[in-house]
Structures are given as C-alpha cells and as structure tokens.
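Colleague: I would like to go through the labels used for this model and the cut-offs behind them. Please take them one at a time.

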Amino acid sequence: ELNSAVGTLEKEAHEQRLEELIKQLEQYPEALGDYRDWLKAHGIDTEGMRPMGSAEGTMSVFAKRLKNGRSWVEKGVSAMITGLVAYLDNLPTNT
C-alpha cells in the first residue's frame, strides 16, 4: 500500500520520508506483527488484550494520567494502573 503512494505526494521532502519509511519497514518486517502472537507463542494468555494501536493509545492515557510531574512508588503506581484498567475496561473493582 505504501509503495503505491510513491510519486503521488506534493512535496519532495514527503516523498523522501515515505521512501525512508518503506525501507525501514522492509528492514524490520517483524515490527508490523501483532505482539499478541509473540505472547501466545511464549504461553501467555492474550484474551482481552488490545491490538497494538489500541494498546499504544491506552499507554498514552496511562502516561498522561500517572506522570504529569509526579513520582510514584512501585506499589502505588501498580494500584493506580489496576484501577485505571478496571475503569477503562468497565471491570468491577473491590475497595
């Protein structure tokens, strides 16, 4: 699909960036794979895990809500992540 876009962009700089992206993707095709396949191959249950684009969006939510200049101890951030996951996925929580 990306190869079909070569020669259609208005700016030469965009064409160069597209060609660089294509070369990078050709060099590392495993980067386009689904991380859940790798986890399954290592015996990890991936039921309920989101695809990569969705997972990255979730990580952005975590980063924004948990960081913003704050420091966390491991136990505290773990509890907050568990709570956020439960909230975002509409899971029940026990308090």
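Modeller: Leucine 9 is partly exposed, with a relative accessible area of 36%. This is a predicted model, where local features need pLDDT of at least 70 and side-chain atom pairs count only at pLDDT 80 or more, while totals for chains, interfaces and linings use all residues. Residues are numbered from 1 along each chain as its sequence is written, and side-chain values use heavy atoms, with hydrogens and water left out.

Colleague: Why is leucine 9 called partly exposed?

Modeller: Buried means under 20% relative accessible area and exposed means over 50%, with partly exposed in between (1.4 Å probe, protein chains only). Leucine 9 has 36%, so it is partly exposed.

Colleague: Where is leucine 9, and what does it touch?

Modeller: Leucine 9 sits in the loop between helix H1 (2-5) and helix H2 (12-27); helices are DSSP runs of H or I with at least four residues, numbered from the N terminus. Leaving aside residues up to four places away in sequence, leucine 9 touches His14, Glu15 and Leu18, a contact being heavy atoms within 4.5 Å.

Colleague: What makes aspartate 34 and arginine 36 a salt bridge?

Modeller: The criterion is a side-chain nitrogen of Lys or Arg within 4 Å of a carboxyl oxygen of Asp or Glu. The closest N and O atoms of aspartate 34 and arginine 36 are 2.5 Å apart, so the pair qualifies. A search of the whole structure finds one salt bridge. Aspartate 34 is partly exposed, at 27% relative accessible area.

Colleague: Why is asparagine 90 called exposed?

Modeller: Its relative accessible area is 70%, and the cut-off for exposed is over 50%, so asparagine 90 is exposed. Asparagine 90 lies in the segment after H5, and its phi is near 55°, a positive value in a residue other than glycine.

Colleague: What makes Ile81, Val85 and Leu91 a nonpolar patch?

Modeller: Patches are made of residues with over 30% relative accessible area and no salt bridge; like charges are joined within 9 Å, and nonpolar side chains (Val, Leu, Ile, Met, Phe, Trp, Tyr) within 5 Å. Leucine 91 has 47%, so it passes the area cut-off. Together Ile81, Val85 and Leu91 have about 210 Å² of accessible area, by the Shrake-Rupley method with a 1.4 Å probe, where for residues only the protein chains shown count as cover. Leucine 91 is found in the segment after helix H5 (74-88).

Notes:
Helices (H or I, at least four residues) and strands (E, at least two) are DSSP runs, numbered from the N terminus.
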